[in-house]
Amino acid sequence: MKIIHYINQFFANIGGEEMADIPPEVREGVVGPGMALKAALDGGNEIVATVICGDNYFVDHESEVSDWLKKIIGQYEADLIIAGPAFFAGRYGMACGGVCKIAYEMGIPAVSGMFEENPGREMYQKYGFIFPTDNNARGMKKAVTAMAGFVGRLAAGEDIYDYRKQGYFRRGIRRNIWRESVGAHRAVDMVLDMIAGRPYETELEMNTFSRVEPSAPIADLSAAKIALISTCGAVPEGNPDKIESHAATHWQIYHIEDYQGPELIHSVVAHGGCAPTFGYHNGNRMMPVDAMLELEKQGFIGEFDKNIYVTVGNSMPVVRAAKFGEEIAKSLKESGVAGAILTSA
Amino acid sequence: MKTVKQMSLDLELVYVSDVRFGSETKMDDHVLYVNREELISVAADRFFSSVDVELARPGESIRIIPVKDVIEPRIKPDTGDFFPGILGGFEGVGEGRTRVLKGCGVVTTGQIVCFQEGLIDMSGPCADYCIYSKMNNVVLIAEPVEGITPEQHEEAVRLAGVRMAHYLAKAAVDVEADEVKTYTLPPVPPEKKLPRLLYVNLVLAQGLLHDNYIYGGDCKKVQTALMHPNEMMDGAIVSGNCVTACDKNTTYDHENNPVVEDMYARHGVDLEFLGVISSPTTTMLAEKERGVMAILSIARLLNADGIVVTEEGGGNPEADLMLIAEKAEKAGIKCVLVLHENAGDDGASEPLSNTSAAAKGVVTAGNNNEFIVLPPMEKVLGHLEAVDVLAGGVSDALRPDGSVNVRLAVIMDATSNLGITKISAETY
């Protein structure tokens, strides 16, 4: 495997805190801890280049560094990224985590090492195989041995998804597997184990959701611009932006006129989790545009935003829904909207 | 008159190793011969403008799309009936004899609401996920007349499917059965002290074509009920469901429910199988609460030690699952939920939309968001262009070479909540 190794200014022997603002550079071959890694890696796995960046620079210019690093990764045709190890260095940990995220977005595996309490560990462990290290560089040999050993197993095509066996921090990613017996049999086994008080392992631990704090009430509705957001997938005929019927990948703004006016007769429904035909040629059955216009007419609200935010909520991954929420909130703010009503299918 | 207290059902299995068209519909040396014209006339309906029947065998390069339901041909040879409340009466349901065309499925297709129909490939990687790829299938291809509603279209396809299954099963009445399996639940001697288990079969009843039929009755209007498992084997539940393909339970699945099969096999061995609770899953909270109340009431009345609960559909019914887990925990009844996940294309999102700390035992049938590339098939039965809009398809699912890049969600039963296959998921 061709590997790119990412380190900071300190481990490149450029300097400490005072040099943390240096922009990224790339050097052929290994630098600093790369030498220990090189020694520990198997013959077929080679560090082809080392990327060095100041910790502050990375954190302050993340999107710029990201674009640059993606180019470098492409240029060297890297198969894998190693970042750090960062031990307990907070900003270095954030940078190494950020590098894991960049690799993740490119579909390339990333390996790093951090002390458990490094803030970069919790924030970025989803994106890479991050190995536990000591809290300072005296644990370099141990960290490098663990990381390089793992790279060897990964390159050899071994099954590396048992985090307990492999030793990396649990990434929290679900992956389909085949078990030894069918689900029905496993379920009966499990309930019998529970009744008998025998140890058993659930196949899905319950996730917990983050809570959204409701914002303060709008002081004067009669002066407020109110928008409508809908996950029901009522789109203009022909579904021009091809919003998917299941686990949609994008949201759109449609003006009332895109549906040929407030009757929403030019409407079809892209939602794949309900019988959609009731909303065909009558989008008001899916999202209450008529009611909003009536409230506007009565002066109950100051203005109804004629741009409607539409996506399909069917089987929407929560992470993507949260991203859509942030994007839509930004757009609402930019258009002077004071409040929004969200309806579903 | 001899009276028999215990219900006992003999499933007389006739193995189907091939299906071919012929001049007469009959079974001969494990080959099902189908008179095409006769079967077309059985399937005909005033709501169809055209009706055709095709065959699809394991290993063939055939893609069937969009699939609505799969039905296993069965018949009560002594009355000639099947599908009680829909085609037949109630005499002898769950006991006596039932003929089964094993290894054969009637596959119904149609662009009803399209999103919620699925795909079956008869060869390639789909077969790893789909039990129907391994069966000798008789496929209904019927186009609706113009101007009918999706509800009328759904009903016409559903009824055509059960008529076809019943018609084909008739061909097996007079041949010798290959295997006879007897299903009865003799009382377990109390001194054996085996755990008492109930199976809770949640049946989608959300309306808007997310519906099922118990004894012909619309599930939206039926109450939570205790059933003998043999009733399911005798066609008590027929799917009318147009929900995401990977997680709807087909009529075939109800006839061959794997939890019923497993509990039966272990009855008197390491458990006592008390029966099946079929309970409708609706969208309304009050009705969910009523169903959960009734499930726990029956479970406590029968002094159950544990329940296995299977979901149908996903998302909204997770609320029913969590309510059941909470109430079961309160009643001291151990509970295992069988479900599937929507954990995102990369598996990094929350797998469920509703959770509870009480859900301590969960069996998962995998993440249906995971992508799979299905290679092109030489022959397509149905409408290949439908793949772009199937739930689980993406707008560019269909590639120029005819291969499709889709989520597992589009494959019939791929992540079935009944735990039909060995698929699962784990966290890394």
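**View 1. Chain B as a whole.** Of the 428 residues that make up chain B, 59% count as buried, and the model from which this value is computed is a predicted one. The chain contains eight helices and 25 strands, and its C-alpha atoms fill a box of roughly 60 × 55 × 40 Å when taken along the principal axes. Because a compact globule with 428 residues would have a radius of gyration near 22 Å, the 21 Å of chain B agrees with that expectation. Among contacts in chain B between residues at least 6 apart in sequence, 79% join residues that are at least 24 apart.

**View 2. The side of chain B that touches chain A.** Here 67 residues of chain B are in contact with 51 residues of chain A. The elements of chain B that give two or more residues to this side are α6 (258-266), β19 (306-310), β20 (334-341), β21 (361-367) and β25 (423-427), and of these β21(B) gives the most, with seven residues. By residue class, the side of chain B that touches chain A divides into 32 nonpolar, 22 polar and 13 charged residues.

**View 3. Strand pairing between the two chains.** Strand β7 of chain A, residues 174-178, pairs with β25(B) in the antiparallel sense over five bridges. Within this pairing, A:R174 stands opposite B:T427, a residue of β25(B).

**View 4. The domains of chain A.** Chain A is divided into domain 1, which covers residues 2-166, and domain 2, which covers residues 221-343, and the C-alpha centres of these two domains of chain A lie 43 Å apart.

Conventions:
Residues numbered from 1 in each chain as written. Chains lettered and ligands numbered in written order. Predicted model: local features only at pLDDT ≥ 70, side-chain atom pairs only at ≥ 80, totals over all residues. Contact = placed C-beta atoms within 7 Å. Helix = DSSP H or I, 4+ residues; strand = E, 2+ residues; numbered from the N terminus. Nonpolar A, V, L, I, M, F, W, Y, C, P; charged D, E, K, R; others polar. Pairing = 2+ DSSP bridges. Domains from an automatic or database assignment. Rg over C-alpha atoms; globule rule 2.2 N^0.38 Å. Buried ≥ 20, exposed ≤ 12 C-beta atoms within 10 Å, placed from the backbone.
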